[in-house]
Amino acid sequence: MNKESTKVVIICAVIALVVSLVGVKLFSGSTIVNNTNNTSSVKSTLASVLDKKEIRVGYVVYAPQMIKDANTGALSGIFHDALEEAGKNLGLKINWVEEVSWGTMIEGLQAGRYDMVGSPVWPSAPRATQADFTLPLTYSANSVFARSDDKRFDLSYDAINSPDIRIAAIDGDISATIAAQQFPKAKIVSLPQLSEQSQELLTVSTGKADVTFVEPFFGDEFSQKNAGSVKNVQPTNPLRVNGNAMMVAQGQEEFKAMINVALEEELNSGFIDGLVKKYEVSKNSFYPIAKPFSLPR
């Protein structure tokens, strides 16, 4: 091999070495970056809760499941007492940090302002794309209420799905979801997020809307206080039956599992049944959870 050939070989070898080193450097660097991106520096909800020994809870006032005393601000109700009992059994403080609305509760959960929503939330497909749910503590019927003299919906709910029908619904509430999903042709009379169910019923009783969708005990209570101005259109045929669950952030399976174990313990011990009897406004306001076992004969 002459000098010129040797020189060419050496140059090629040096170039190959440089390219190889650069490639290793780039590959190594990208690996580090990817590993950094895939490793979360934020604690999981469970780790944070166990570290601080408290659960931060957002809540929506929704009697009798979440009651707030207008004078003292003290909280009570089925879901309040159930979560307090769970906290006691878990050795964790329940910190009720923020009152929210149906329309803003998911936003606060995603922003990390609280670890869970402790009020009864009805799981739905739209909500499931943004949050997760615990097991239900009870089930609730959702019934159609109309003015007492209105017989258009007594035989079929199909009559509601018409451009001539107005549905009173609270923004962000399940009533608005039902209206959009099941009765898309009807008009929605929107009420502000912090409105109470009595406002939906008042909107119907005063003729500003034709129907609304609420739990029977709300409608029955309103009717008793307002001279039978509204009625449950089909008492034995609820429009929907919904599970009453608490809400947690998506992807926090360990935290949800811990809460579920504590709540299931209360269900199996009869503690939840006792709370329902204590707080329910009228008999059979809530449907109990069926026991997942049978007693020996």
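Biologist: Which polar atom lies 2.9 Å from the backbone nitrogen of leucine 135?

Modeller: One from the side chain of asparagine 260. Bear in mind that this is a predicted model.

Biologist: Where is asparagine 260 found?

Modeller: In helix H9. Leaving out residues up to four places away in sequence, asparagine 260 touches Thr134 and Leu135.

Biologist: Does asparagine 260 count as buried or exposed, and why?

Modeller: Buried means under 20% relative accessible area. Asparagine 260 has 17% relative accessibility, so it counts as buried.

Biologist: Now the helix pairs. At what angle do the axes of H2 and H9 cross?

Modeller: Helix H2 covers residues 45–52 and helix H9 covers residues 253–269. Their axes cross at roughly 60° and come within 7 Å. H2 is therefore oblique to H9.

Biologist: Which residues make that contact?

Modeller: H2 brings Thr45, Leu46, Val49 and Leu50. H9 brings Glu254, Phe255 and Met258. By type, the residues of this H2 and H9 contact are five nonpolar, one polar and one charged.

Biologist: How do helix H7 and helix H8 pack?

Modeller: H7 spans residues 197–205, and H8 spans residues 216–225. The angle is about 55°, with the axes 10 Å apart. These two helices are therefore oblique to each other.

Biologist: Is the crossing of H7 and H8 left-handed or right-handed?

Modeller: Right-handed.

Biologist: Which residues of H7 and H8 meet?

Modeller: From H7, Gln197, Ser198, Leu201, Leu202 and Ser205. They meet Phe218, Gly219 and Phe222 of H8. The contact of H7 with H8 has four nonpolar residues, four polar and no charged.

Definitions and conventions
Residues numbered from 1 in each chain as written. Predicted model: local features only at pLDDT ≥ 70, side-chain atom pairs only at ≥ 80, totals over all residues. Heavy atoms only, no water. Axes fitted to C-alpha atoms, helices over the stretch in contact; angles between N-to-C directions. Helix = DSSP H or I, 4+ residues; strand = E, 2+ residues; numbered from the N terminus. Parallel < 35°, antiparallel > 145°, perpendicular 65-115°, else oblique. Contact = heavy atoms within 4.5 Å. Nonpolar A, V, L, I, M, F, W, Y, C, P; charged D, E, K, R; others polar. Left-handed = near helix turned anticlockwise from the far one by under 90°. Buried < 20%, exposed > 50% of the residue type's maximum accessible area, 1.4 Å probe, protein only. Polar contact = N/O pair within 3.5 Å; in protein donor to acceptor, adjacent residues only side chain to side chain.
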